[in-house]
Amino acid sequence: MANTSVATFIAIWLPVELLLFGIIALFVTAPPILRRKKLDPARAQLKSLRIASPIVNTLVLMAVVAKPYLEYLQKNNWDPGILPSELELPITAASIISVYALLGAILFFYFCAVRNINVLSGERLRSPYSVLFMIVPISNLVVIPYLEYFAYQRSRALLAPKHASKIRAALLVGSAFALIACSVALGLPSENTSDAPRYDPLALLVLTVCTSGAGGILTTRVINGTFEAQEALERQRIGDFNASAVGVSGRGRWFELAKLYMVALLVGVALTTAIFPTLPSLIAPEYLRV
């Protein structure tokens, strides 16, 4: 009886316990628990993110569509419905591969990013192995946004302290993570057992694609910002002191502005679908059937 009570208590409070585990994990992988010692200059070498950054960005954009699509298949008894039969297998296979590839790419990118911050700072500010806690369920609700914020804001602060706003960094990372978390929540199995649920599988697909797409675009801004700052710092280390500010060219600014408009459009489509859930089912047969 006692063992049953303990097991029931653990099961009920497991989400809270995992959240606390994530907070403790972040605490023990940083000073003062992690010894803050100087790094050996002979071993303090930067790991370039030049290859990892575009790969992660590509996988993010693939996964924000692939994951909602796989959730749609699961809720629709693995019947694609909206796709031609000859495209079902390759699209499904590519979706599964992209989701798992993204997980490995994200871990590698942030491992290198955190390690580079230690190298550029000349001391251990955080263990790069803390990124492994990103894969712990529920704990990653704390770990992922914090490590993204740490890598983004600290990289930019090392390059241009006056332009590295903590508030803007927190808003960017928080918005990206909130949209992706919303997409994950929409993709969870529904507990509504009524004959006429409010949202059919296609409406949920549109909602998850739009929210994850908007979150993915903002996530690529975080990844690019981290990469660009560390790339500029690396050029400074080898003598290119003109790389002293975080910024983009005129064409780059227009591209970043276009991405923000796309985020607004996706959020608008998601809100419209949330208000009119039957709209996707009325439009899809006319434009997606072959």
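Visitor: How much space lies in the largest pocket?

Guide: In this predicted model, the largest pocket holds about 1,100 Å³ of space. Its lining comprises 33 residues, and those nearest the centre are Lys-67, Leu-102, Ile-144, Ile-180 and Val-184.

Visitor: Which helices each supply at least two residues of that lining?

Guide: They are helix H3 (52–75), helix H4 (85–121), H5, helix H6 (166–187) and helix H7 (201–237).

Visitor: What makes up the lining of the largest pocket by class?

Guide: The lining has 23 nonpolar residues, together with 7 polar and 3 charged ones.

Visitor: Why is Asn-140 called buried?

Guide: The relative accessible area of Asn-140 is 18%. Buried means under 20%, so Asn-140 is buried. Asn-140 is found in helix H5 (residues 140–159), whose buried residues also include Val-143, Leu-147, Glu-148 and Arg-156.

Visitor: Which residues is Asn-140 in contact with, leaving aside its neighbours within four places in sequence?

Guide: Asn-140 is in contact with Phe-133, Met-134, Ile-135, Pro-145 and Phe-177.

Visitor: How do you know that the span of H5 agrees with its 20 residues?

Guide: The expected span is 1.5 Å times one less than the number of residues, so H5 should span 28 Å. The end C-alpha atoms of H5 are 28 Å apart, which agrees.

Visitor: Which element of the protein has the highest mean pLDDT, and which the lowest?

Guide: H5 has the highest, at 93, and helix H1 (residues 2–12) the lowest, at 61. The protein averages a pLDDT of 80, with 77% of the residues scoring at least 70.

Conventions: Residues numbered from 1 in each chain as written. Predicted model: local features only at pLDDT ≥ 70, side-chain atom pairs only at ≥ 80, totals over all residues. Heavy atoms only, no water. Helix = DSSP H or I, 4+ residues; strand = E, 2+ residues; numbered from the N terminus. Buried < 20%, exposed > 50% of the residue type's maximum accessible area, 1.4 Å probe, protein only. Contact = heavy atoms within 4.5 Å. 1 Å grid on protein atoms, 1.4 Å probe; cavity = no way out; pocket = protein on both sides within 12 Å on 5 of 7 lines; lining within 4 Å. Points joined across faces, edges and corners; volume = space filled by probe spheres on them. Nonpolar A, V, L, I, M, F, W, Y, C, P; charged D, E, K, R; others polar. pLDDT = per-residue confidence, 0-100.
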